[in-house]
Amino acid sequence: MSNTSYLIGMDLGTTNIKAILLREDGTVIASASRANQLIFPGANQVEQDANLWWSNAVEILREITSAAGPEIVSAIQGICVSSQTVTMLPVDEAGTPLRNGLIWMDSRSAQELQFIEDTLGFDHFVRIIGAQPDVAFLPNKILWFKKNEPELFARTKSILQASSFINMKLTGQFTMDIDQAARCQCLDITAMDWSPEISQVIGVDLNALLPKPVAVNEIIGTVTAQAAAETGLIEGIPVAAGASDAMASMYATGLCRLGEAGESSGTTSLVFVGSNGKSAPDVPVVTKPCAIEGMPYIFDAPINTSGAAIKWYLDTFGEADRKLADEKGINVYELLNQEALDVPAGSNGVMFFPYLLGERAPLWNSYARGMFIGMSLDTTREEMVRAVFEGTAFALRHVMETVKEAGAVANCLRITGGGSKSRTWSMIKASMLRMPIYILDEGSGDVPFGDTLIVGNAVGVFPDLNSTIDKLVKVKEVIEPNEAWAAAYDKLYPFYLKMYQHLDEDLRAFKDVVTRL
């Protein structure tokens with residue numbers, strides 16, 4: 001058996017599931033990924049098949065263990081799984097999914113959310129959950145499930161998060177980590193217990209339906225004989241409770257000092273800034289407890305569509321871009337980066353609002369909609385491409401300005417995830433925020449790396465997490481603001497705010513009308 005320790009980190013994201021096998025010195029020994037699939041049963045409905053999550057996880061773990069070999073597999077000290085959040089996945093006594101999971105993108109339960117807000121009172125609801133209510137979260141989805149699928153609801157033993165389901169398949173245990181529990185909007189954030197008032201309003205015993213929350217670095221169980229046989233792992237490997245992809249991303253970016261901010265830039269953007277104190281309940285970005293020494297709280301602000309907006313552009317308008325990229329023999333995303341650089345800051349007056357799925361922080365509404373404003377007959381494809389990059393950066397600035405107003409300090413932004421591969425996008429963000437952007441090494445900056453830090457700390461491989469982060473998280477490049485771009489964005493940003501504010505009530509009413517149609 002090897003004297004060197006190894007760890008597995010896995011992240012179950014919206015678009016894919018990926019994992020790494022990490023040696024204790026930070027070297028990635030093996031990695032693998034598989035694509036997830038979105039299911040759209042109807043208007044405002046977005047689901048995923050949990051059985052596909054597990055089959056993908058099995059394939060990934062088999063690929064990793066096969067590549068590593070028996071000696072390394074026998075030296076794996078722990079596993080940690082993070083995931084997209086929030087998910088409503090009902091399972092029966094055996095842990096079998098009773099239906100597809102309603103993921104965070106699903107907004108079919110807007111009426112149920114309104115009922116909860118009206119019954120509890122909006123301000124009181126905010127005080128209970130410590131955040132702005134949103135259709136992405138759990139109480140309204142549970143109420144929708146109870147009302148619309150009562151036979152399945154009656155058979156439900158527990159409602160799990162995406163990572164909780166993988167953990168259950170690995171260990172046989174029904175669990176939920178405290179990070180996702182604090183995000184799901186069923187938890188009384190003061191008492192840190194499932195809210196009896198929310199239970200009463202939705203007519204569901206949350207203590208019976210939801211697992212008791214446990215610390216992200218708590219060992220919840222070990223790999224069972226059955227899971228070992230399926231995955232190629234060794235029976236008995238400890239499994240940590242894990243966290244949301246947001247929390248794992250925070251670890252992965254090396255965010256361990258006040259004054260730094262982090263962004264996990266993927267399908268969505270997950271923005272976090274360390275803080276000494278909690279935010280007020282009415283602030284549209286909220287603080288959550290943080291386990292890293294010297295940073296007791298973390299501002300946590302998710303943006304719905306960042307990378308997803310770029311993918312939407314390609315899927316909808318990108319035929320010419322794909323054809324041109326093929327002719328040039330380059331990746332289509334590389335072409336978009338080049339095209340955006342050929343357009344001046346401000347996209348010649350075209351502004352994009354990236355609210356294609358509504359917006360979470362700092363708007364927290366499901367009725368906001370994506371918009372191009374300022375187009376004319378001579379608007380070019382390249383200007384629209386740059387406008388999409390800039391629109392997502394305007395949304396990021398909106399979050400960062402809100403966080404600063406709430407008392408946090410951010411002097412630089414550390415970026416990880418797929419979005420960090422776009423240098424053009426990072427240049428725009430640096431200029432938009434007027435702060436340096438730290439691009440992290442691909443191995444250390446990805447979300448599964450954050451998972452290995454969590455479980456490594458839990459099993460004693462990384463007893464001092466701060467020194468481990470300093471040693472293992474590598475900055476590949478620092479991108480400074482472009483002063484000319486920054487000056488342009490300073491002039492345009494107020495219009496980004498005001499134009500949306502002027503349209504907000506109309507967008508709310510418009511969605512109501514469209515829903516009734």
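## Patches, cores and salt bridges in a predicted model

On the surface, F510, V513, V514 and L517 make up a nonpolar patch with about 440 Å² of accessible area together. Patch members have over 30% relative accessible area and no salt bridge, with like charges joined within 9 Å and nonpolar side chains (Val, Leu, Ile, Met, Phe, Trp, Tyr) within 5 Å. Areas come from the Shrake-Rupley method with a 1.4 Å probe, and for residues only the protein chains shown count as cover.

This is a predicted model, where local features need pLDDT of at least 70 and side-chain atom pairs count only at pLDDT 80 or more, while totals for chains, interfaces and linings use all residues. Residues are numbered from 1 along each chain as its sequence is written, and side-chain values use heavy atoms, leaving out hydrogens and water.

**The patch and its helix**

- V514 sits in helix α21 (residues 483-516); helices (H or I, at least four residues) and strands (E, at least two) are DSSP runs numbered from the N terminus.
- With 43% relative accessibility, V514 is partly exposed, a class that falls between buried (under 20% relative accessible area) and exposed (over 50%), using a 1.4 Å probe and protein chains only.

**Nonpolar cores**

- The largest nonpolar core counts 92 residues, and L138, I142, W194, I202, L206 and M400 have the most contacts inside it.
- Helix α16 (residues 381-405) gives this core its largest share, twelve residues.
- Apart from it there is another core of 45 residues, including Y6, A30, A57 and A227.
- A core here is a set of buried Ala, Val, Leu, Ile, Met, Phe, Trp, Tyr and Cys residues joined through side-chain atoms within 4.5 Å.
- Setting aside neighbours within four places in sequence, L138 touches V86, T87, M88, I159, Q161, C184, C186 and L210; contact means heavy atoms within 4.5 Å.

**Helices with a buried side**

- In α20 (residues 465-472), the buried residues are L465, T468, I469 and L472.
- Looking down the axis of α20, these fall within an arc of 100 degrees, so they line one face of the helix; the arc is that of the directions from the helix axis to the C-beta atoms.
- Over in α4, the buried ones are F125, V126, I128 and I129.
- Their arc is only 160 degrees around the axis, so they are on the same side of α4.
- The cover over the buried residues of α4 includes α3 (110-120), α5, β10 and α9 (196-202).
- Just after α4 comes G130, with a positive phi of about 70 degrees.

- As background, most residues other than glycine have a negative phi, and most peptide bonds are trans.
- T85 to V86 is a cis peptide bond, with omega near 10 degrees; V86 is in the loop between β5 (76-83) and β6 (89-91).
- A361 and P362 are also joined by a cis peptide bond, with omega about -10 degrees, and P362 is in the loop between β20 (351-353) and β21 (371-373).
- W364 is in the loop between β20 and β21 too, has a positive phi near 55 degrees, and is buried at 11% relative accessibility.
- Q185 has a positive phi near 70 degrees; it is in the loop between α8 (178-183) and β10 (187-188) and is buried, with a relative accessible area of 2%.
- S420, in the loop between β22 (410-416) and α17 (423-433), is buried at 14%. Neighbours within four places aside, S420 contacts S265, I415, S426 and I439.

**Salt bridges**

- There are 25 salt bridges in the structure, each being a side-chain nitrogen of Lys or Arg within 4 Å of a carboxyl oxygen of Asp or Glu.
- K311 and D315 pair at 2.8 Å, N to O, and both are in helix α13 (residues 307-317), four residues apart, about one turn of the helix.
- R381 and E339 meet at 2.7 Å, N to O. R381 is in helix α16 and E339 in helix α15 (residues 332-341), so this pair ties together parts 42 residues apart in sequence.
- R381 is partly exposed at 24%, whereas E339 is buried at 4%.
- R434 bridges to E483, with the closest N and O atoms 3.1 Å apart. This links distant parts of the chain, 49 residues apart: R434 in the loop between α17 and β23 (437-440), E483 in helix α21.
- A network of salt bridges links E47, R99, D106, R108 and E149.
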